[in-house]
Amino acid sequence: MDNIKAFFSPDSVVVVGASDKQGSVANAILKNLLAGKDKRKVFTVGTKGKAYDLPKFDNISLLPETPDLAVIVTRADTVPDIMEECAKIGIKSVIVISSGFKEVGDEGKAREDRVIKIARKNGMHILGPNCIGVIRPSSNLNATFSDRVPKPGYVTFLSQSGALGTAVLDWAVSQDIGFSSFVSLGSMVDLDFGDLIDYFGTDPETRSIIIYMESIGSELKNARKFMSAAKGFARNKPIIILKPGKFPESTAAAMSHTGAMVGVDAYYDAAFDRSGAIRVEEIKDLFNCAAILNTSYLPKDPRLAIVTNAGGPGVLATDALITLSGKLAKLNDKTIKDLNEAMPPSWSKSNPIDVLGDATPQRFAKAINIALQDQGVGGLLVIYVPTSITTASALAQELVKLKPTLNKPILTVMMGGADAAKARQYLYENGIPSYEFPEEAIQTYLYMYKYKGNLDLLYEAPEQLLMDIGAPKNYLKMMMRNALKSGRTLLNEEESKNLLTAYRINSTVPKPARTVEEAVALAQEMGYPVVMKINSPNISHKSDIGGVKLGLNNPEAVRKTFDDMVANVKKKQPNANITGVTIQKMITGYDYELIIGSKKDNVLGPVIMFGAGGTSAEFYKDIAVGLPPLNQTLARRLVEKTKIYKMLSEGFRNNLPVNLLTIDEVLVKISNIIIDFPEIKELDINPLVIKKDAIALDARVILDDKVINGEQYGHLIISPYPVKYIETWTTKDDKSLTLRPIRPEDEIMEKELLAGLSEETQRFRFFEPLKDITHEMLIRYCNIDYEREMAFVAEYNVGKKKRIVGVSRLIINADLQTAEYAVLVADDFTNLGLGLKLSDKIVGFAKEKNLKRVFAITLDDNKRMKALGRKLGFITKERQNNEIELVLEFD
């Protein structure tokens with residue numbers, strides 16, 4: 001991270017292309033940098049004019065020392081040569097303000113490629129090009145051409161757009177909002193969102209990260225870095241994102257239902273949700289959320305109680321809440337009783353709680369305390385309108401006194417003029433969010449709830465589902481390869497369903513019939529009723545052109561339908577290659593038609609879609625989208641996001657509720673298919689019907705003609721469960737163990753391992769005995785990002801009982817070069833070689849990740865750990881408090 005740190009706290013800076021011409025970009029940057037010359041040296045190269053009487057240097061090589069940071073403000077065609085000069089004297093951090101690269105065509109792209117090549121060859125980092133630079137208020141660093149510098153604060157602002165970034169800076173300064181840093185990323189040829197989240201995730205001056213994002217990047221690796229970094233820090237530092245471009249018209253010519261319904265923006269929603277970040281709609285929402293999401297009190301429930309001294313604003317707040325899909329809390333009988341005793345007789349008797357216009361601060365406080373005790377209330381909104389009885393400032397002081405007793409989130413709206421503004425500022429300074437109007441507060445509360453849900457989703461423990469991860473893949477890959485080699489990207493229905501059944505997804509079996517007599521014979525063999533579908537490699541949406549007929553009950557119907565269907569389809573698609581029809585048994589007696597699909601994006605990889613299916617699926621678009629890999633919990637959350645979920649879970653009229661685990665299982669199996677086959681561009685099951693089991697009635701798979709021999713997992717932005725590390729190993733006393741990466745489903749066994757440790761073993765591993773083994777602790781141990789960390793467990797099976805008897809763990813630091821290691825073995829499995837074996841696997845993983853250094857912190861009296869370290873080649877370094885550091889350096 002040292003090269004990145006130089007962008008924000010350099011001891012010396014060189015401006016290449018500096019100028020004293022008033023109004024020029026180069027002059028503005030130089031002037032801003034000189035404002036911090038008491039903190040750092042400033043050099044200029046290629047200076048035009050006097051440039052503030054600074055020493056002039058005609059070439060970077062003539063500088064008296066190597067600056068920490070270079071800022072290039074010259075024509076684009078000169079930038080590659082300047083980069084070469086920077087590399088020769090050892091400059092590692094460069095801001096390229098200049099524009100004129102890939103955005104201007106092939107010549108600019110070639111220029112950009114050369115700049116990237118120089119940077120990679122010399123270990124340099126680039127911010128930009130086509131950016132406005134960085135601001136670090138606490139360091140008095142302004143390496144931009146904006147003259148608006150915010151005060152120091154705790155929010156880092158990353159903006160892809162320079163123009164919008166400066167506009168937001170201007171607004172923030174006018175609102176007296178502080179920043180820890182401002183960064184304009186520009187074209188992101190090197191440093192991207194993932195790199196900067198990694199850096200500011202460990203920055204002590206940053207408590208929240210707000211982002212204006214136009215795109216996540218131009219390559220899959222950008223999305224992968226973003227996801228890994230965001231997941232790593234979202235639980236500690238809120239990441240709030242404003243992303244425009246929600247409605248691109250890009251799906252008109254899609255070949256599948258999924259392709260037609262899932263636009264690019266749905267990918268971003270899925271990525272943000274899965275990363276733990278929160279997406280907002282407006283610029284002011286960025287700052288509203290940044291001010292509150294790092295609080296320890298996030299709503300566990302969307303149901304909101306409203307306490308107000310005026311009925312009108314309470315109604316407006318309720319309307320806003322319902323419009324934004326929030327829920328108004330229904331007060332229970334005890335709450336109503338307690339409020340009846342504490343409030344005047346004419347209070348509203350329901351939520352919103354109208355404490356009336358003559359309410360004192362103390363009456364507000366009583367109502368708030370009573371409402372927050374209601375188990376059906378997730379959070380509370382206080383709305384004040386000016387009266388002659390109570391001032392906003394007086395109420396604000398009462399609320400601040402009340403704050404230490406609060407156990408749920410509380411937001412306030414102080415309506416009115418100068419006194420209300422003063423009250424809002426006082427509340428803000430004391431950690432209570434305050435707004436001018438109810439709608440803004442309601443939106444922020446719902447963002448808080450969604451953010452809490454996204455964090456919970458990162459760490460929920462899923463149910464165990466028996467999934468077959470050993471499906472026969474090779475023949476399926478050969479089938480896809482042969483289709484692509486023959487010029488086909490659309491698998492036929494039989495091939496598509498072969499893929500599903502290989503992963504144990506129940507499907508109807510279509511059989512091809514080239515002639516009417518073959519169709520009749522197949523129908524007779526299957527038994528009526530049957531379904532007939534046109535068979536053509538050129539036709540994807542068969543229903544749209546009359547290529548599907550249901551409920552054929554006799555030979556005559558089959559004959560007539562065959563002739564009519566083939567003739568009609570030929571008229572509508574005269575160039576289609578029609579090879580006959582397919583016949584399959586018709587499934588009846590089901591209540592629900594669902595759709596499950598997948599679609600792959602070049603930058604964000606594949607997504608998985610679930611929703612209401614059938615022929616009207618594209619009309620209603622009741623869908624939800626998530627990223628693979630899915631486990632049972634993630635699959636269920638996907639289902640819960642749809643409108644049809646309530647019908648599936650509760651039933652409707654004569655339709656009975658379904659076993660949702662059945663749907664979860666199909667989604668996880670589809671996730672496994674998408675993980676295993678980068679060759680798949682789009683996939684549809686529509687409809688998937690639910691009887692006792694889920695059955696796919698129709699399926700289509702569209703292949704990516706750019707992928708013939710796909711790199712395993714190279715198409716994903718989230719690392720799947722790494723099965724390659726699973727092995728069987730035998731202890732010195734012949735106990736057979738399975739060594740494998742940890743899974744979220746291991747939470748119960750992990751708890752049993754920790755609870756069963758002796759006090760001494762607990763002290764050696766955790767430096768003190770474990771008093772409580774919490775769910776929060778366990779999910780942090782079991783639900784890991786395999787891109788950033790690894791934990792290998794040793795699983796021991798005796799009969800039907802499974803135990804985890806050892807764990808080794810490696811957590812990679814944000815610099816991606818060093819990592820901390822730990823190992824733990826159950827007391828009854830010590831001295832059997834297990835600690836050495838688990839540690840050896842971790843060392844191998846560290847080498848695979850190209851780490852430079854692995855270390856472990858342990859107690860000086862932990863003789864087993866010290867001996868293990870010596871065997872593995874660790875050296876010992878002394879620390880304080882009876883601690884030592886074991887260090888392993890890699891060449």
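Trainee: Why does Lys841 count as buried?

Mentor: This is a predicted model, and in it Lys841 has 12% relative accessibility. The cut-off for buried is under 20%, so Lys841 makes it.

Trainee: What makes the meeting of Glu727 and Lys841 a salt bridge?

Mentor: A side-chain nitrogen of Lys or Arg has to lie within 4 Å of a carboxyl oxygen of Asp or Glu. For the side chains of Glu727 and Lys841, N to O is 2.9 Å, so the pair passes. This pair links distant parts of the chain, with Glu727 in strand β31 (residues 727-730) and Lys841 in helix α28 (residues 834-848), 114 residues apart.

Trainee: How many salt bridges does a search of the whole structure find?

Mentor: The search comes up with 53. One of them joins Arg279 to Asp265, with the closest N and O atoms 2.8 Å apart. Here strand β13 supplies Arg279 and helix α9 supplies Asp265, and the two are 14 residues apart.

Trainee: Are Arg279 and Asp265 buried or exposed?

Mentor: Arg279 has 7% relative accessibility and Asp265 has 8%. With under 20% as the limit, both residues therefore count as buried.

Trainee: What makes Asp698 and Lys533 a salt bridge?

Mentor: Same test: their closest N and O atoms are 3.2 Å apart, and the limit is 4 Å, so the label holds. Asp698 sits in the loop between β29 (694-696) and β30 (699-703), while Lys533 is in strand β22 (residues 530-535), so the pair ties together parts 165 residues apart in sequence. Both Asp698 and Lys533 are buried.

Trainee: Which residues are linked with them in a network of salt bridges?

Mentor: Glu493 and Lys497 are linked with Lys533 and Asp698 in that network.

Trainee: Where does the largest share of the largest nonpolar core come from?

Mentor: That core has 63 residues, and Phe226 is one of those with the most contacts inside it, along with Phe8, Ile95, Leu158, Val183, Ile211 and Met213. The largest share, seven residues, comes from α7. There's also a second, separate core of 54 residues, with Tyr786, Ala791, Tyr796 and Leu838 among them.

Trainee: What does Leu158 touch, leaving out residues up to four places away in sequence?

Mentor: Its contacts are Val183, Leu185, Phe193, Leu196, Phe200, Ile209, Ile210, Ile211 and Tyr212.

Trainee: Last one: why are β8 and β13 called edge strands?

Mentor: Seven strands form an open sheet with mixed pairing, in the order β8-β7-β10-β9-β11-β12-β13. Strands β8 (141-143) and β13 (278-280) each pair on one side only. From one strand to the next, the twist averages 20°. Strand β7 (residues 134-136) and β8 pair in the antiparallel sense over three bridges; pairing takes at least two, so that one qualifies. Within it, Ile135 stands opposite Asn142 in β8.

Terms used
Residues are numbered from 1 along each chain as its sequence is written. This is a predicted model: local features need pLDDT of at least 70, side-chain atom pairs count only at pLDDT 80 or more; totals for chains, interfaces and linings use all residues. Side-chain values use heavy atoms; hydrogens and water are left out. A nonpolar core is a set of buried Ala, Val, Leu, Ile, Met, Phe, Trp, Tyr and Cys residues joined through side-chain atoms within 4.5 Å. Buried means under 20% relative accessible area, exposed over 50%, partly exposed in between (1.4 Å probe, protein chains only). Helices (H or I, at least four residues) and strands (E, at least two) are DSSP runs, numbered from the N terminus. Contact means heavy atoms within 4.5 Å. Axes are lines fitted to C-alpha atoms, for helices over the stretch in contact, and angles run from 0 to 180 degrees between N-to-C directions.
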